Amino acid sequence: MSVASPGLPADLLPADLLSELSALLGERLSLNEAVRDQHGRDESYHAPAPPDAVAFVRSTEEVVAVVRACATRRVPIIPFGAGTSLEGHVAALRGGVCLDLSGMNAILAVRAEDMDATVQAGVTRKQLNNDLRATGLFFPIDPGADATLGGMASTRASGTNAVRYGTMREAVVALTVVTPQGEVIRTGSRARKSAAGYDLTRLYVGSEGTLGIITEVTVRLHGIPEKVMSAVCPFPTVADAVNTVIETIQAGVPIARVEFLNARQMEAVNRYSKLDHAVTPTLFFEFHGSPAHVDEQVEMVKACAEGHGGLDFQWTATPEERDRLWAARHTAYYAALALRPGAKGFSSDVCVPISRLADCLVETQADLDQSPVLTTVVGHVGDGNFHVLFVVDPDNPDEMAEAKRLNSRIVARALAMEGTCTGEHGIGHGKMSSLEDEHGEALAVMRRLKQALDPDDVLNPGKIVRL
């Protein structure tokens, strides 16, 4: 058996495998070089590694058939959703077959009375929310990109709303998973709680396609708030902005979103989205609830901000103005890249206890101010998570060495503060060393789990743990 390496011709896959997959999928099995290249890259700076073939599946049954065909021959299988990941999750490091689940985009059931929905893995968050409009419910997990729910579950995604609504860990009720042996299992029920056996749902959430392939997701929904209000407030310093957040959270204000952007990121956002905000450390807020409840939240946060020099609040309550504000936040990544056309983004992703956030961010900003590498900072600071984006030329070894040096310092600082190397992006193959630093001996348990569930290492090999 010969498994192709990244970039080599697809005809190095076993001929009988290609025949079997062609009979199953017809034209939905692609050997086209451009299609393969597209499926070997994500949004990150990591070098692309194309698969040897791409299988476009439309059902759990087709996933089972592809997995069994590949597993029998020990050919790697790499799940693919929307390709919006940031740590090389979809790179076919050992060749093999990319399993594109984007065509599995059916909303299978919406149960408004139970406030949950079951969807195929290729459904995107925007698609689900558009479908939910008439129900008075919404799905709150918002990582910015219009990612698939299967991909979001696989990476344990979160985003701007996590401070109030949690992450995919809290949002996922149950999963349908295809194992590396081609078996179909359902993890969990729709009950609001259960003590029945091992929590397999939480095992697969965040497993990045290395333990099983998620084909269906049941998620919790929430009621659309009666009133939503957003605000932007500039601050004199990073510490002033972050201390406002800390006081807000510690005061128990149930804020829906609070996002931090440093001065350079605000400059990038102004240019990219044609805005005129102050070029200084800034917080974006959003409040959800009844009119009286929102007004109370606003007054409490305004008082916290004023105590730290945040005086120029800009409020907006209309949907159009809010959408424009948050669109600017969601395009911050591309705005930063636009500061240096042709460059790539290398994003850090640490998260620390909220009480250590100011120390971590202030020390990090001091490091960045002394570096020649172009950087911006954004953060879901309500839950202690922030990202430094290094805007770099991946072909410049000096730049990459400096970015990696700074990133190592950021991770080490976060771990010393009892934080984590990744709040939401996951490990992929880009953060494997950081995972070792964070978990130590516990990594051996993860390795044994991988070996027990996928002994032939066919599912997304080369990611999360080194075998």
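Which residues have the most contacts inside the largest nonpolar core? The views below come from a predicted model.

**View 1. The largest nonpolar core.** This core has 51 residues, and those with the most contacts inside it are Leu283, Phe285, Leu361 and Phe390. Helix H15, residues 397-416, gives the most to the core, with six residues. In soluble globular proteins, nonpolar side chains tend to be buried together.

**View 2. The surroundings of Phe390.** Neighbours within four places in sequence are left aside here. Phe390 is in contact with Lys344, Gly345 and Phe346, and also with Leu368, Val373, Leu374 and Thr375.

**View 3. A four-stranded open sheet.** The strands follow the order E1-E2-E4-E3, with mixed pairing. Strand E1 (29-30) and strand E3 (77-80) are the edge strands, each pairing on one side only. Strands of a sheet pair through backbone hydrogen bonds, either parallel or antiparallel. E1 pairs with strand E2 (residues 53-56) in the antiparallel sense, over two bridges. Leu29 has Ala55 in E2 as its bridge partner.

**View 4. Helix H3 on the sheet.** Helix H3, residues 60-72, lies across E2, E3 and strand E4 (97-100). The helix runs at about 170° to E4.

**View 5. The crossing of H9 and H14.** The axes of helix H9 (residues 238-250) and helix H14 (residues 357-369) come within 9 Å and cross at roughly 160°. Angles over 145 degrees count as roughly antiparallel, so H9 is roughly antiparallel to H14. The crossing is right-handed. In H9, Val238, Ala239, Val242, Asn243 and Ile246 meet Leu357, Ala358, Leu361, Val362 and Gln365 of H14. Leu361 is also among the residues with the most contacts inside the core of View 1.

Definitions and conventions. Residues are numbered from 1 along each chain as its sequence is written. This is a predicted model: local features need pLDDT of at least 70, side-chain atom pairs count only at pLDDT 80 or more; totals for chains, interfaces and linings use all residues. Side-chain values use heavy atoms; hydrogens and water are left out. A nonpolar core is a set of buried Ala, Val, Leu, Ile, Met, Phe, Trp, Tyr and Cys residues joined through side-chain atoms within 4.5 Å. Buried means under 20% relative accessible area, exposed over 50%, partly exposed in between (1.4 Å probe, protein chains only). Contact means heavy atoms within 4.5 Å. Two strands pair if DSSP finds at least two bridges between them. Axes are lines fitted to C-alpha atoms, for helices over the stretch in contact, and angles run from 0 to 180 degrees between N-to-C directions. Angles under 35 degrees count as roughly parallel, over 145 as roughly antiparallel, 65 to 115 as roughly perpendicular and the rest as oblique. A crossing is left-handed if the near helix is turned anticlockwise from the far one by less than a right angle, and right-handed if clockwise.
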